[in-house]
Amino acid sequence: MSLKTLAEAVIIQSAEDIMDKHQQEEAVAFFGGEGFRICSWIAGMDHSAQRAIPNLIRRHVSVSKLLRQYDNGFKPRTA
């Protein structure tokens, strides 16, 4: 297995971990930190993707938290 393949696998696994509420905090930290920057560089991602993926992850996590709050009885105000 090449280093590039390993870096890609780490990124993919971390993206999957976003869906697991027990792994989500660690995965978010990965995408916001040095680990993602190193893996994305090794994987050969361009700068645009290096910026876009963490932004996409942050948006997903924000929506997920809002949906969990709604499922737990939180009702947003309506106009």
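Predicted model: local features only at pLDDT ≥ 70, side-chain atom pairs only at ≥ 80, totals over all residues.

Residues are numbered from 1 along each chain as its sequence is written, and side-chain values use heavy atoms, with hydrogens and water left out.

**Alanine 27**
- Alanine 27 lies in helix 2, residues 24-31 (helices are DSSP runs of H or I with at least four residues, numbered from the N terminus).
- Its relative accessible area of 4% makes alanine 27 buried (buried is under 20% relative accessible area and exposed over 50%, with a 1.4 Å probe and protein chains only).
- Beyond its neighbours within four places in sequence, alanine 27 contacts Ser14, Asp17 and Ile18 (contact means heavy atoms within 4.5 Å).
- Isoleucine 57 is 30 residues from alanine 27 in sequence, and their C-alpha atoms are 9.3 Å apart.

**The two sides of helix 2**
- Gln24, Ala27, Phe30 and Phe31 are the buried residues in helix 2.
- They lie on the same side of helix 2 because they cover an arc of only 120° around the axis (taken from the directions from the helix axis to the C-beta atoms).
- Exposed Glu25 and Glu26 sit on the face turned away from that buried side.

**Nonpolar core**
- Eleven residues form the largest nonpolar core, among them Ala27, Phe30, Cys39 and Ile57 (such a core is a set of buried Ala, Val, Leu, Ile, Met, Phe, Trp, Tyr and Cys residues joined through side-chain atoms within 4.5 Å).
- At least two residues of this core come from each of helix 1 (3-17), helix 2, helix 3 (34-43) and helix 4 (47-71).
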